Amino acid sequence: MKSEKTIASLSLDLDNKWSYLKTHGDPGWERFPSYLDTVVPRVLTFLAQRKLKITFFVVGQDAALDKNRATLGEIAAAGHEIANHSFSHEPWFNLDAEEKIEHEIVSAEDQIVRATGQRPVGFRSPGYSVSDTMLGVLQRLGYLYDASSLPTYFGPLARLYYFQHSDLTADQLKQRASLFGPARNGLRPLKPYRWSGANGLLEIPVTTLPIVRSPIHISYILYLSTFSWALALGYFQTALALCRKAGVSPSLLLHPLDFLGEDDNIGLDFFPAMGLAWEHKLRFVSQLLKIYCEMFRVVSLKEHAFSVTEVLSGNAEEYCVTDSVASLTK
């Protein structure tokens with residue numbers, strides 16, 4: 001008799017065109033240009049065909065705009081979890097004062113409820129930015145989990161690549177100096193844990209390759225595929241096999257640009273793999289998720305969080321993290 005598959009989760013950060021332009025320092029983002037009416041139906045069809053229910057991290061500013069509400073409502077109607085991705089989508093979010101952080105989270109939550117009818121219980125900060133203040137606010141507001149941690153040593157390299165492909169001013173570079181986090185984030189645990197400084201708020205990290213801590217989320221694998229499709233698939237399969245061997249229940253993420261291509265004419269050419277056609281991307285993402293679903297039982301982050309909470313509540317030892325360094329505590 002086959003044993004039940006280990007649980008794993010899948011989410012999509014619903015970053016819109018304007019939020020990418022804003023982070024990149026490009027003009028015109030204030031008009032909130034959007035591709036949601038193109039990408040959301042495409043993603044929902046893709047997921048329905050594979051009978052997957054995942055988590056969508058929605059930006060509050062998008063939920064606040066009348067033009068997006070019907071589209072966002074379709075996500076909830078399809079049975080997917082809706083989670084909070086802040087209101088303004090500013091990757092320097094971790095530098096803000098407590099009052100502004102709370103305003104960002106609560107404002108986004110209110111608009112998401114209006115647009116989708118779902119009140120979020122999960123949060124992911126833009127740019128994987130984390131602070132003790134943010135974690136404390138989430139705990140006080142009653143959030144079930146945070147999913148902002150990206151435990152990788154490669155944050156500074158990703159930041160350097162991003163800066164080299166932008167025309168940011170000196171002030172903008174300073175503001176974005178912590179984008180993608182410091183190298184010491186690679187010391188954070190891969191398995192879900194509770195933050196010691198936030199009264200035990202559950203953290204479900206975005207999974208990276210065990211030991212090496214290089215990224216394995218879908219956008220990164222797509223980038224590798226521009227060099228070699230076979231190499232990218234091999235890397236992904238090896239990463240998942242190592243996760244299973246290490247006892248890590250993965251949490252992988254998608255982005256809208258994984259479903260949008262050069263032929264969609266949305267711009268954003270500074271992003272890796274944007275020279276590929278969208279149908280080419282979908283074929284590749286389909287292969288990746290087929291592998292993922294064959295190896296794990298793929299669920300939303302909310303379901304992942306509930307399963308983890310049951311395990312941790314019956315365990316005398318929990319991971320606690322202070323200043324990004326993991327330790328075990330009774």
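How close do the axes of α2 and α4 come, and at what angle do they cross? I looked this up first. The two axes come within 10 Å and cross at roughly 15 degrees. I took axes as lines fitted to C-alpha atoms, for helices over the stretch in contact, with angles from 0 to 180 degrees between N-to-C directions.

I am working with a predicted model, in which local features need pLDDT of at least 70 and side-chain atom pairs count only at pLDDT 80 or more, while totals for chains, interfaces and linings use all residues. Residues are numbered from 1 along each chain as its sequence is written, and side-chain values use heavy atoms, with hydrogens and water left out. Helices (H or I, at least four residues) and strands (E, at least two) are DSSP runs numbered from the N terminus.

Entry on α2 and α4. I noted that α2 and α4 are therefore roughly parallel to each other; angles under 35 degrees count as roughly parallel, over 145 as roughly antiparallel, 65 to 115 as roughly perpendicular and the rest as oblique. The crossing of α2 past α4 is left-handed. A left-handed crossing has the near helix turned anticlockwise from the far one by less than a right angle, and a right-handed one has it turned clockwise. On the α2 side I listed Leu 36, Asp 37, Val 40 and Leu 44, and on the α4 side Asn 68, Thr 71, Leu 72, Glu 74 and Ile 75. Contact means heavy atoms within 4.5 Å.

I checked its length: 14 residues (36-49) should span 20 Å at 1.5 Å a residue, and the end C-alpha atoms are 20 Å apart, which agrees. The expected span is 1.5 Å times one less than the number of residues. Among the buried residues of α2 I found Val 39, Val 43 and Phe 46. Buried means under 20% relative accessible area, exposed over 50%, and partly exposed in between (1.4 Å probe, protein chains only). The cover over the buried residues includes β1 (7-13), β2 (55-58), α3 (60-64) and α11 (278-295). After α2 comes Lys 51, with a positive phi near 55 degrees.

Entry on α5. I ran the length check again: the 19 residues 98-116 should span 27 Å, and the end C-alpha atoms are 27 Å apart, in agreement. Its buried residues include Ile 101, Glu 104 and Gln 111. They pack against β2, α3, α4, β3 (81-84), β4 (122-123) and α6 (132-140).

Entry on α10 and α11. I found that the axes of α10 (229-246) and α11 come within 11 Å and cross at roughly 25 degrees. That makes α10 roughly parallel to α11. Their crossing is right-handed. Residues that meet include Trp 229, Phe 236 and Arg 244 in α10, and His 280, Phe 284 and Tyr 292 in α11.

Entry on two loop residues. I located Gly 25 in the loop between α1 (17-24) and α2. Gly 25 is partly exposed at 26% relative accessible area. Its C-alpha atom is 7.3 Å from that of Gln 172, 147 residues apart along the chain. I then turned to Thr 152, in the loop between β5 (145-146) and α7 (155-164). Thr 152 counts as buried at 2% relative accessibility. Leaving out residues up to four places away in sequence, Thr 152 touches residues including Pro 182, Asn 185 and Arg 213.
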